[in-house]
Amino acid sequence: MAMIEEMHEDPETARTLVSEFTPGTRQEIIRLWGKKKKQMKKEEIPPPKLKQKWRLALLSGIPMVGFGFMDNAVMIVAGDYIDTTLCVGLGLTTLFAAGLGNIVSDVAGVATAAPIEAATRNMGFRGHGMTARQLRLPTVLIYKYIGTGVGVTIGCILGMFPLLWPAEWRLWRSRAEAEESFHSNHEHYQDAEEMWQNAQH
């Protein structure tokens, strides 16, 4: 019966184990599993301790700090670069650059998700110690979502650091400078075209 409880807590492991059993053993496992589920429905779920819920909030929020940081930092930098190059050249708006920058930041977030989660696990934080049934409790889910929301908010605020970058240290021109250069080059082109037409007459 102890194995049945473990399988109930981890369905993925349960499916792996059951696939290796003989048909007779599978039937017995299914029978015991059904009996255990009925028993567990009658049992009350022990309420988790407050420190367990706050630990869950912490564990849920820490990875989101990294995600929020990457999302905003990459979006701002990529969006600014796209705005001063592609958008100026094609006459597109800054909002278009923000949309493309968001795509780049989302791809970067997906690419860095595994390293961020691995780094979080290596920090050595203690687990929350709650069971799968406790994790489905509404009060526990509230703490989880609070931790996630606070974490991503902190990450996004930290990810806005490119906005503090001094203008004189920019790695590429601002949109205003790029537009001025574009219009200047366009005027030179028009002057050259007019001179060429006059020379032909």
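**Aromatic pairs**

A search of this predicted model finds 3 aromatic pairs across the whole structure. Rings of Phe, Tyr and Trp (its six-membered ring) count as a pair if their centres lie within 6.5 Å; planes under 30 degrees apart are called stacked, over 60 edge-to-face, and the rest tilted. Select Trp 54 and Tyr 143. Their ring centres are 4.9 Å apart and their planes stand at 85°, so this pair is edge-to-face. Because Trp 54 belongs to helix α4 (residues 50-90) and Tyr 143 to helix α7 (residues 138-158), the pair ties together parts that are 89 residues apart in sequence. Helices (H or I, at least four residues) and strands (E, at least two) are DSSP runs, numbered from the N terminus.

Are these two residues buried or exposed? Trp 54 is partly exposed, with a relative accessible area of 47%, whereas Tyr 143 is buried, at 18%. Buried means under 20% relative accessible area, exposed over 50%, and partly exposed in between (1.4 Å probe, protein chains only).

Next, select Trp 165 and Trp 169, which form an edge-to-face pair with 6.2 Å from centre to centre and 70° between the planes. Trp 165 is partly exposed, with a relative accessible area of 47%; Trp 169 is exposed, with 54%.

Residues are numbered from 1 along each chain as its sequence is written, and side-chain values use heavy atoms, with hydrogens and water left out. In this predicted model, local features need pLDDT of at least 70 and side-chain atom pairs count only at pLDDT 80 or more, while totals for chains, interfaces and linings use all residues.

Which residues does Lys 53 contact, leaving aside its neighbours within four places in sequence? They are Pro 48, Met 130, Thr 139, Val 140 and Tyr 143. Contact means heavy atoms within 4.5 Å.

**Further along α4: Cys 87**

Cys 87 is in helix α4 and is buried, with a relative accessible area of 0%. Not counting residues up to four places away in sequence, its contacts include Phe 96, Ala 97 and Arg 175. Now select Ala 178 as well: its C-alpha atom and that of Cys 87 are separated by 10.0 Å, although the two residues are 91 residues apart along the chain.

**A nonpolar patch**

Select Phe 69, Ile 142, Ile 146, Val 150, Ile 154, Leu 158 and Phe 161. Together they form a nonpolar patch on the surface, with about 600 Å² of accessible area. Accessible areas come from the Shrake-Rupley method with a 1.4 Å probe; for residues, only the protein chains shown count as cover. Helix α7 gives the most to the patch, with 5 residues. Ile 146 lies in this helix and is partly exposed, at 41% relative accessibility.

**The whole chain**

Finally, display the entire chain, which has 8 helices and 0 strands. Of its 201 residues, 26% count as buried. The chain averages a pLDDT of 78, and 73% of the residues score at least 70; pLDDT is the predictor's confidence in each residue, from 0 to 100. Among the elements, helix α1 (residues 2-9) has the lowest mean pLDDT (52) and α7 the highest (94).

How values were computed
Patches are made of residues with over 30% relative accessible area and no salt bridge: like charges are joined within 9 Å, nonpolar side chains (Val, Leu, Ile, Met, Phe, Trp, Tyr) within 5 Å. A salt bridge is a side-chain nitrogen of Lys or Arg within 4 Å of a carboxyl oxygen of Asp or Glu.
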